[in-house]
Amino acid sequence: MTAQPLEPRTARLEGAYEQVDKGLDSMDRRLDSLDRKIGEVRDDIGRVGWRMMSLTVGTWITIMLAILLHKS
């Protein structure tokens, strides 16, 4: 251990902790933003999925009715 007084070393550590804290806050904000964007994309995909399923079911029903009601 060095012969430096305790106060400057403590102050240097506090400064380093503040920088780490600011960096973690920035990272936390970016992760929150990314989480929101992923949620929006998931919602959009869900809506597209419902549309595709509705289109598929509607097409299937139309084809089945055309086959069953077709007069030879």
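Is L69 buried or exposed? L69 is exposed, its relative accessible area being 61%. The legends below describe a predicted model.

**Figure 1. The protein chain contains one helix and zero strands.** The C-alpha trace extends over about 105 × 20 × 5 Å along its principal axes. The radius of gyration of the protein chain is 31 Å, whereas a compact globule of 72 residues would have a value near 11 Å. Of the 72 residues, 1% count as buried. The accessible surface amounts to about 7,000 Å², and 64% of this area belongs to carbon and sulfur atoms.

**Figure 2. R47 and D44 form a salt bridge.** The closest N and O atoms of the two residues lie 2.4 Å apart. The structure holds one salt bridge. Both residues belong to helix α1, which comprises residues 6–68. Because R47 and D44 are three residues apart in this helix, about one helical turn separates them. R47 is partly exposed, with 46% relative accessibility. D44 is also partly exposed, at a relative accessible area of 39%.

Figure 3. L69 counts as exposed because its relative accessible area of 61% is over 50%.

**Figure 4. The protein chain carries 11 positive and 11 negative charges.** The mean position of the positive charges and that of the negative charges are 10 Å apart.

Note on methods: Residues are numbered from 1 along each chain as its sequence is written. This is a predicted model: local features need pLDDT of at least 70, side-chain atom pairs count only at pLDDT 80 or more; totals for chains, interfaces and linings use all residues. Side-chain values use heavy atoms; hydrogens and water are left out. A salt bridge is a side-chain nitrogen of Lys or Arg within 4 Å of a carboxyl oxygen of Asp or Glu. Helices (H or I, at least four residues) and strands (E, at least two) are DSSP runs, numbered from the N terminus. Buried means under 20% relative accessible area, exposed over 50%, partly exposed in between (1.4 Å probe, protein chains only). The radius of gyration is taken over C-alpha atoms; the globule rule is 2.2 Å times the number of residues to the power 0.38. Accessible areas come from the Shrake-Rupley method with a 1.4 Å probe; for residues, only the protein chains shown count as cover. Lys and Arg count as positive and Asp and Glu as negative; His and the chain ends are not counted. The place of a charge is taken as NZ of Lys, CZ of Arg, CG of Asp or CD of Glu.
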